[in-house]
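Please keep the sequence and the coordinates at hand while reading.

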Amino acid sequence: MRLATAAVLIVPMLAAGQQRVTLSGYIQDAASGERLAAATVAIVGTSVGTYSNDYGFYSLSVVPGTYRLLVSYLGYESLDTTVQLKADLRLNVSLRPQARQLQELIVTSERSEDNIVQAEMGRFELPMEKLRTLPVVFGEQDLLKTIQLLPGVQGGTEGSTGYYVRGGGPDQNLILLDEATVYNASHLLGFFSVFNSDAILQATLFKEGMPANYGGRISSVLDITMKEGNSRQFHGTGGIGLIASRLTLEGPLVKDRSSFIVSGRRTYVDVLLRPWLNTTDFAGTAYYFYDLNAKLNYRFSDKDRLYLSGYFGRDIFSFKDDFISFSIPWGNTTTTLRWNHLFSDKLFMNATAVYADYQFSLTGNQEMVEFEVRSGIRDFHLKADFDFYPAADHHWQFGALYTYHVFQPQSVSGRSGETTFNPAGVDKRYAQEGAVYVHTQYDLTRRLRMSAGMRLSWFQQLGPATLYRYDAFSGEVVDSTVYKRGQVVKSYGSPEPRLLLRYRLGANDALKASYTLNQQYVHLVTNNGTTLPADLWVPSGLLVKPQIGHQWALGYFRNWLNNQLESSAEIYYKKLLNQIEFREGYTPRVNEVIEENFVYGNGWSYGLELYVAKKTGRYTGWAGYTLSYTRRRFPELNEGRPFPYRFDRRHNLAVVATARLSDRWEIGAQFVYNTGIAYTLPKQKYFIEGNVITFYEELNGFRLPPYHRLDVSATLRGKKSKPIQSDWTFGIYNVYNRQNVFFIYNEYEGIFLTDPTVTIKAKQVSLFPIIPSVTWNFRF
Amino acid sequence: MEFSFLNIRFYLLIAAGLLASCTRELDIELPSSATQLVVEGRIETGSPPVVLLSRSSSFYDDFILDSAANYFVSGAHIVVSDGTDSVILAEVFIDTAGVSIPVYVGFGFLGQEGKTYQLRIKVEGKVLRAVTSIPKALPLDSLWWETMPESDTLVRLLCRFTDPPEPENYVRYFTKRNAEPFMPGFNSVFEDDLVNGQSFDFPLDRGVDRNNPETFEHYGLFYRGDTITVKWCAIDAAHFEFWRTLEFELGGQGSPFAAPVIIKSNIEGGLGIWGGYAPSYHQLIVPR
């Protein structure tokens with residue numbers, strides 16, 4: 001496999017011998033000067049084109065001549081221009097954001113053909129600006145809720161930001177915020193994501209065939225870019241919503257050279273609810289979260305640019321009464337320092353250093369006992385990425401990266417008067433991870449384009465570490481192996497190839513196929529089908545093997561009405577190896593070596609995804625439908641029989657539509673329908689040795705009722721002329737007040753063999769009823 | 001310490017509950033499945049086979065104590081065979097707490113070490129089958145006790161056990177305090193896959209009556225002055241799997257965070273267990 005792929009990668013190099021000139025430059029927002037990533041640069045009338053990279057840089061090498069160039073980016077007016085290329089040319093392109101005027105809708109220009117030109121499949125660009133008019137719960141815009149509306153992507157339980165891509169688990173999605181891994185992307189048990197929409201420029205989701213610079217997760221990649229800040233003028237934006245308020249400031253530090261952005265968000269639902277809460281059983285409970293994003297950039301020259309960006313967010317839950325008080329803060333920190341350097345018109349480098357962590361802690365005291373619980377993960381990450389554009393239809397990406405991980409398993413320590421217990425807690429775990437990669441895109445024939453990549457990854461658990469062997473009966477340690485600091489405990493490594501092919505059928509359609517292999521070395525195992533803040537990331541090591549994901553996909557892509565409508569039909573098959581679940585009957589305990597409670601198995605998923613989207617014009621929106629099957633098989637679960645994955649939802653439908661009614665009014669609506677999740681409910685009860693035993697016939701053998709919901713929104717924009725522009729967004733979540741099931745529990749009345757009658761009833765808890773919301777946004 | 005992660009998760013769930021708008025009875029059809037026949041059968045070295053036959057009830061049906069007798073199945077034709085000899089079990093009725101319960105006993109047919117026993121039950125037009133074996137007994141090497149720090153009354157029971165060199169030995173044990181019956185602890189079974197062939201010391205938990213939470217107090221520990229009897233039984237793999245999974249299930253009951261457990265029964269055509277025990281008895285008197 002390795003050799004074959006290497007050969008495929010070398011072929012395009014041999015074909016690159018002709019005389020060429022290079023057109024290169026940056027693509028930016030004309031108003032703010034921010035660089036635009038993933039804008040397309042196409043030579044009209046050919047299939048030659050490229051994307052700008054994450055830093056807005058593009059490069060095209062072609063034989064000298066005159067070309068009609070189309071530069072486009074969603075939400076911006078396209079630039080349609082003719083260039084004469086006799087020698088290398090630097091062309092920085094500024095695109096104007098689309099004015100919200102009706103006349104603009106009449107403008108007919110070439111639309112992007114990306115859908116049928118590029119070899120990529122399962123890739124979605126999500127510019128944050130375009131998502132603003134979609135309806136959302138409590139009026140809080142949320143990127144992660146929007147991606148759940150794409151085909152092949154599912155939400156978890158009601159209101160949750162957790163997402164599941166093509167039958168994969170919640171830990172199999174790599175979420176990057178300015179290249180830093182975000183380990184827990186949710187606030188408040190997943191009702192909100194940590195991504196403040198005011199600070200986010202755009203996001204790209206890959207369900208398959210992710211370029212080889214991405215790795216480490218087996219189901220998807222979500223690459224989120226923070227705004228850079230306006231380098232021309234000082235601006236402020238903000239909003240006041242039902243549960244949170246936001247404020248963002250941005251502007252130039254040195255005009256056209258340096259800019260900054262600072263963005264914050266905090267909820268105040270706790271302040272609003274406190275008077276009411278204090279009259280209930282929940283008196284003394286407080287909860288809030290906040291997010292802080294900041295980014296700074298400095299352009300030394302067209303060749304060198306430095307970015308420093310960071311995110312800091314915390315959820316804080318606290319409780320206090322006469323007996324017990326505690327405070328639980330948890331959240332992520334990320335810091336990214338990047339240096340962009342242009343070696344030549346054809347070679348771009350980005351060097352990155354990242355610090356990222358996720359920490360959970362709990363401190364409190366109960367009747368004179370002070371206690372503390374900690375867990376978390378911390379990463380130090382270095383990376384160098386290169387983009388090399390030897391010819392118009394060649395793009396090479398290559399690079400290397402290194403990460404040092406520190407894992408803090410849940411550990412409890414405490415103190416009561418003079419006595420301390422368990423001061424050391426559970427040992428930390430250490431690991432290092434590295435990869436080198438190369439990815440290229442090349443037209444093999446006029447119709448056939450190939451995008452292929454190879455990533456070689458390795459992972460090592462490092463000492464200090466102790467492997468305990470337990471007596472299965474008493475739980476006491478009978479043996480242990482001690483590894484010294486820095487000593488390699490266990491190593492893993494693997495080639496991870498990706499191959500995508502596009503075959504152009506006609507002017508408006510194409511066939512695509514792909515194969516992707518990914519390895520995942522860090523894991524998050526969740527117990528109850530939902531991720532909780534105290535859930536732990538664990539490294540691969542002596543007990544835990546890396547997760548492996550193979551995926552094959554085949555798709556038909558077609559554009560309609562001069563590329564105004566794009567559509568696709570894809571089928572996929574995905575195989576997941578070394579999947580991890582908790583053993584049957586597991587309940588969490590303190591200071592446990594959590595890996596000892598894991599069981600291992602495999603999973604597979606297959607399905608059909610239909611998608612149609614209209615991205616530009618007065619009416620926009622998309623509809624996605626997924627028919628899919630997802631199973632797991634674990635020798636130690638369900639008596640070894642395959643069982644449906646919890647989020648094995650047969651049908652998924654999402655329809656999203658927005659319409660611009662006038663210069664000032666815009667309306668939106670979305671409807672989702674999902675088959676109910678698979679759930680395990682008891683079927684029978686019986687007695688053994690006088691104990692009531694629950695008989696579960698099949699794991700996840702029962703279906704909750706289907707989930708469906710309609711949301712609507714309306715946005716009223718203020719007049720442009722005022723110094724402070726403002727808009728109002730009105731929304732209604734769950735318009736017809738559907739009582740979707742959040743969770744089920746069994747309520748027992750009576751004690752067995754004591755009370756004359758014992759009744760058991762299944763109760764459903766629903767989360768969000770119909771919720772109207774209003775948000776006021778401003779900009780100056 | 002009382003405070004556990006369960007609590008933390010529970011509090012977080014409460015936080016979610018603050019937003020939760022509505023709780024109501026599930027308005028959908030709950031799973032229904034056929035009533036299952038449940039076997040609770042055993043055969044011990046030197047004792048006749050004993051079988052209790054009952055039926056399960058739909059999980060969401062009310063459980064009425066007065067009609068508990070209705071759950072037991074009478075009139076079954078039950079045969080136990082060791083391949084050479086066999087016995088038809090006689091149905092006798094035993095009164096417990098005012099309820100008369102049918103129990104099937106194979107009088108005169110005594111369990112022997114190293115033999116395999118087939119169980120065949122014909123009842124209500126159904127046939128249930130199971131196989132178990134009585135392995136060779138695996139006695140403990142010794143038994144002793146230790147005082148507990150900061151307690152004048154509590155003691156911990158310890159034992160030394162030498163696992164035989166052959167792999168796949170399984171044990172279930174019960175303890176008896178003074179005149180109380182033999183009862184298992186929360187984790188009454190043990191396998192030797194990690195400790196095969198080794199000698200080691202470990203504590204033994206005092207058995208509990210799961211329906212009587214008072215017996216959970218000072219879990220695992222005995223008291224000064226107790227006469228302790230340990231019934232230490234070698235069992236086979238399927239028998240072990242049943243109790244292992246059953247105890248997982250019991251351990252998770254009542255926790256909203258426990259994953260459901262499918263109990264591994266060795267009964268073909270029903271639920272429950274047909275289990276052989278090779279007991280060895282050990283006694284220790286803890287002085288006052």
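A residue counts as buried if 20 or more other C-beta atoms lie within 10 Å of its own, as exposed if 12 or fewer do, and as partly exposed in between, with the C-beta atoms placed from the backbone. The model discussed here is a predicted one.

**Tyr573 of chain A**
- Tyr573(A) is part of strand β37 of chain A, which covers residues 565-582.
- Once neighbours within four places in sequence are left aside, Tyr573(A) is in contact with Trp552(A) and Tyr606(A).
- Between Tyr573(A) and Leu608(A) there are 35 residues in sequence, while their C-alpha atoms are 9.4 Å apart in space.

**Nonpolar cores**
- The largest nonpolar core comprises 81 residues, and Ile147(A), Ile200(A) and Leu222(A) are those with the most contacts inside it; strand β16 of chain A (residues 200-206) contributes the largest share of this core, namely five residues.
- If residues up to four places away in sequence are not counted, Ile147(A) touches Leu126(A), Val153(A), Tyr163(A), Leu205(A) and Leu222(A).

**Domains of chain A**
- Chain A is divided into domain 1, which spans 2-111, and domain 2, which spans 123-779; taken over C-alpha atoms, the centres of domain 1 and domain 2 of chain A are separated by 31 Å.
- To the contact between them, domain 1 of chain A gives 34 residues and domain 2 of chain A gives 47 residues.
- On the side of domain 1 of chain A that touches domain 2 of chain A, at least two residues each are supplied by α1 (2-14), β1 (21-29), β4 (57-62) and α2 (102-106) of chain A, and the residues of that side divide into 14 nonpolar, 12 polar and eight charged.

**An open sheet in chain A**
- Four strands of chain A form an open sheet with antiparallel pairing, in the order β3-β2-β5-β6, and its edge strands, β3 (49-51) and β6 (79-85) of chain A, each pair on one side only.
- Neighbouring strands of this sheet are turned against each other by 20° on average, direction ignored.
- Strand β5 of chain A (residues 65-72) is joined to β6(A) by seven bridges, and the two run antiparallel; Leu70(A) has Asp80(A) as its bridge partner in β6(A).

Methods: Residues numbered from 1 in each chain as written. Chains lettered and ligands numbered in written order. Predicted model: local features only at pLDDT ≥ 70, side-chain atom pairs only at ≥ 80, totals over all residues. Pairing = 2+ DSSP bridges. Axes fitted to C-alpha atoms, helices over the stretch in contact; angles between N-to-C directions. Domains from an automatic or database assignment. Contact = placed C-beta atoms within 7 Å. Nonpolar A, V, L, I, M, F, W, Y, C, P; charged D, E, K, R; others polar. Core = buried A, V, L, I, M, F, W, Y, C linked by C-beta atoms within 7 Å.
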